[in-house]
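Come along while I check them entry by entry.

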Amino acid sequence: MTTTGPRTPAAADPTTADLLDRVQSLLASHPPAEVDRLDFLRARFDAGLAWVGYPVGLGGLGIPRELQAVVDAALAAAGAPDNSPRSIGIGLGMAAPTILAHGSDEQKQRWLRPLWTGEEVWCQLFSEPGAGSDLAALGTRAVRDGDEWVVNGQKVWTSMAHEARWGILVTRTDPDVPKHAGMTYFGCDMHVPGVDVRPLRQATGEAEFNEVFLTDVRLPDTDRIGEVGNGWRVATGTLMNERVAIGGQSAPREGGMLGMVTSVWRERPELRTPGLHSELMEQWVRAEASRITGERLRQQMAAGTPGPEGSAAKLMFSELNQRLSGLLLELLGEQGLAYDDWTMRRPKEVHFHGNRPGYSYLRAKGNSIEGGTTEILLNIVAERVLGLPGEMRVDKDVPWKDLPR
Amino acid sequence: MTGFPSLLHSDDEQQLRETVRRQLAARADWSSVLRRVEADDPYDADTWRTLAAQTGAAGLPVPEELGGAGASWRETAVVAEELGRSLAVVPFLGSAVLATAALLHAGESELLPQVAGGERTAVLAVPLSTWPGSSFPTSVSVEGDALTGRVTSVGDAGAADVLLVPAIGPDGPSLWAVEAFEVTPRTSLDMTRPLGDVTLSGSSGRRVAEGAAAEAALQHALMVGAGILASEQLGLAEQCLETTIAYLKERYQFGRPLGSYQALKHRLASLWVEVTRARATARYAAGCLATQDPDTAVAVAVAAAICSDVAVLAAEECVQLHGGLGFTWEHPAHLWLKRAKADQIALGTPDRHRAALADLVDLPLGAG
Ligand SMILES: Cc1cc2nc3c(=O)[nH]c(=O)nc-3n(C[C@H](O)[C@H](O)[C@H](O)COP(=O)(O)OP(=O)(O)OC[C@H]3O[C@@H](n4cnc5c(N)ncnc54)[C@H](O)[C@@H]3O)c2cc1C
């Protein structure tokens, strides 16, 4: 009998050695200290070292994606610049996997490289005032006109639209069929006439998200992603990736929000009370357990047997972030009464905490809403994972135009 | 930490699980377990002998030279999961986990082969509620080789052929193998893991370890016990969740299956998230125990704290969501509830484990 299973890749692995060679030759041809940041990132993409799990020619090498950690560590050790993943999270986590899965060859060539280098920021034009959890109810219309589509409608809660060059956009192309059937997906150029981005201020005081008005926006048919009428299926893939992107990142022990709480606990003994200590240890254990669960999920994906644990990751993440950020304010006491800055700003990056306790507490409230609310995720787990019967539906076979709203 | 051990089940482990599950389904389904616990002698010696013979369950982590299966605590954890699902009344925790861990750590080689082969059952004589990190017990004293004292609430005591007794003598702590003892059965909350009070009246014993080695062997056994118990709790929680899901799919009220009501779906989905988390921690603890990873103490404390509470939650939800059926003697839910609640107290409550962690990861309550 074997006593232990495989451990994470070791340095002796032939693929690892080959990867490290590739990193060395990139560093030799483009010494980070001498070349421009963007030139380096483009060269890294062309060398297949951007996201090694992607196909050759599209920034990858077509090898298991866990090997990315080897590349990232070697490049970081050499002082190479990264692509500021925080400011392009929607592009990396949602747009890219969607383009890879459903885009044409031309679209992949056109979009993926500047997406990854951060030259072109992407945003997500999904939610509308009348369609949030029930995304498939959306009403932004796209009507065909020759080789173009004319789009009219309103999107809302669009994070980072003010920075974006492109948006992943879901529209209604056929109002006469049931709602899931009449949708079509596009890459939307945010710089064309008729796209109007207006800031929406949020509870934290700043405006990370926006409302986006689309008035007679003309999009070329070549920017359509997937077949006409297939938009729901494409969008569902995007949402699945979104949940993994929000909850599924690997982190060191005491990483993230927990680290903010534990460092205050260690540095400020005068703040400690028995009740806060029990809460701290309870959350420490839950955070560590969630971290191990994330690792188990990655091992399953690496073994080619992705389990349903992915749906759990985002649920755990948002609950923990909320509990821990609330605990931090209580622990800080008087300092927890303060807030750093209420001025209206338009941030360039999405930060879930960023070492600002009051902000962290407020921002964490968004975690159980963005990317599918906690209630919707529990529905998904109950129906798709546990196989419990679906809700009684009144909207499945009704043409979209006849739905009550 | 250098990297994670595998948190998945290997093919061998999967095969072991299937064998154990098949045996337990055939020999110890819940109604036969219930009949047994109502009888005078609840131990299912036949099932224990069969499991030992077919899967090596009595000595999985014991090297083959010492009569064991030459596997590890990972495989032991797999069997624990299955026993948590079945609640078969076998002395697995007492003998194959606690006593075996103590004997292995003490380097004992006379008794161990018999225990590992399932021929004799050895039981560690400590109250089942003893936790890793607790001080060495003083309830038994030794003079020469004669032991005297009383140990209460010993798990699996009724099945013991040999007791491993921690005792205090003129030279300090020591650990003894004792064959002459009296067991008074207790009426236990968990009927499927009966407890007994052990009395030693000048019984002669054989010393297995002394001094620091005795203390270390006991601590090691408690740590292994808490880590493996987490897998038992996981198996129990999975069983409760699956049983409840199946019931809510078939039970109709108000003209629709109960499982179509969102209030109930959300409760089960939340429970599934908790069980998912418990599974990862139990596998991590077993993996660390198997390789004596430096992170073992943290891994065990996390798994014990999480899995104890998840098992209780799962059993409580199982009772509630079965309605009146969940409250009858003639349904297994009460057996699971009793085991889950007793397991939460066994080998350290979640709070004890969190307190241990606070020391381990330097988050003290005191003002530094
Ligand atoms: C910080 C932040 C950033 C965001 N960024 C983006 C973005 O970049 N792009 C984008 O397109 N969208 C974005 N969103 C929008 C987000 O996806 C939606 O807010 C979310 O899907 C919920 O939709 P809603 O706001 O319309 O709420 P509603 O759907 O109206 O829900 C209201 C409440 O009812 C509950 N509910 C709804 N349906 C059910 C049901 N069937 N069963 C039980 N409970 C139900 C919900 O859980 C919620 O609690 C963002 C949101 C936030 C908070």
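**Entry 1: helix 7 and helix 9 of chain B**

I began with helix 7 (residues 211-250) of chain B and helix 9 (residues 296-321) of chain B, whose axes come within 8 Å and cross at roughly 25°. That angle makes helix 7 of chain B roughly parallel to helix 9 of chain B, since angles under 35 degrees count as roughly parallel. I noted that this is a predicted model. The crossing of helix 7 of chain B and helix 9 of chain B is left-handed.

Next I looked up who touches whom. On the side of helix 7 of chain B I found, among others, M223(B), A226(B), G227(B) and A230(B). Helix 9 of chain B brings residues including A297(B), V300(B), A303(B) and A304(B). Sorted by class, this contact of helix 7 of chain B with helix 9 of chain B has 19 nonpolar residues, four polar ones and no charged ones.

**Entry 2: helix 7 and helix 8 of chain B**

I stayed with helix 7 of chain B and turned to helix 8 (residues 262-291) of chain B. The two pack at an angle of about 155°, and their axes are 9 Å apart. I can call helix 7 of chain B roughly antiparallel to helix 8 of chain B, because the cut-off for that word is over 145 degrees. The crossing of helix 7 of chain B with helix 8 of chain B is left-handed. Their contact has 18 nonpolar, three polar and two charged residues.

**Entry 3: helix 1 and helix 4 of chain B**

My next pair was helix 1 (residues 11-27) of chain B and helix 4 (residues 73-86) of chain B. I read an angle of about 30° between them, with their axes 9 Å apart. These two helices of chain B, helix 1 and helix 4, are therefore roughly parallel to each other. Helix 1 of chain B and helix 4 of chain B make a right-handed crossing.

From helix 1 of chain B, the residues that meet helix 4 of chain B are E13(B), L16(B), R17(B), V20(B), R21(B) and L24(B). Among their partners in helix 4 of chain B I wrote down R74(B), E75(B), V78(B) and V79(B). The contact of helix 1 of chain B with helix 4 of chain B divides into six nonpolar, one polar and eight charged residues.

**Entry 4: strand 5 of chain B**

How many of the residues of strand 5 (residues 172-178) of chain B are buried? I found six of the seven, so strand 5 of chain B is largely enclosed by the rest of the structure.

Then I looked for its partners. Strand 4 (residues 162-169) of chain B pairs with strand 5 of chain B in the antiparallel sense, over seven bridges. A hairpin joins strand 4 of chain B to strand 5 of chain B, through two residues. In this pairing I saw A167(B) opposite S174(B) in strand 5 of chain B. Strand 5 of chain B also runs antiparallel to strand 7 (residues 195-210) of chain B, and five bridges join them. There, W176(B) stands opposite R207(B) in strand 7 of chain B.

**Entry 5: P194(B)**

I found P194(B) in the loop between strand 6 (182-185) and strand 7 of chain B. Is P194(B) buried or exposed? With a relative accessible area of 15%, P194(B) is buried, because buried means under 20%.

**Entry 6: strand 5 of chain A**

Now to chain A, where seven of the seven residues of strand 5 (residues 183-189) are buried. M183(A), Y185(A), G187(A) and D189(A) lie on one side of strand 5 of chain A, with T184(A), F186(A) and C188(A) on the other, and both faces are covered. Strand 4 (residues 166-172) of chain A pairs with strand 5 of chain A over seven bridges, in the antiparallel sense. I saw L169(A) opposite F186(A) in strand 5 of chain A. Strand 8 (residues 224-225) of chain A pairs with strand 5 of chain A as well, antiparallel and over two bridges. Here Y185(A) stands opposite I225(A) in strand 8 of chain A.

How values were computed. Residues numbered from 1 in each chain as written. Chains lettered and ligands numbered in written order. Predicted model: local features only at pLDDT ≥ 70, side-chain atom pairs only at ≥ 80, totals over all residues. Heavy atoms only, no water. Axes fitted to C-alpha atoms, helices over the stretch in contact; angles between N-to-C directions. Helix = DSSP H or I, 4+ residues; strand = E, 2+ residues; numbered from the N terminus. Parallel < 35°, antiparallel > 145°, perpendicular 65-115°, else oblique. Left-handed = near helix turned anticlockwise from the far one by under 90°. Contact = heavy atoms within 4.5 Å. Nonpolar A, V, L, I, M, F, W, Y, C, P; charged D, E, K, R; others polar. Buried < 20%, exposed > 50% of the residue type's maximum accessible area, 1.4 Å probe, protein only. Pairing = 2+ DSSP bridges.
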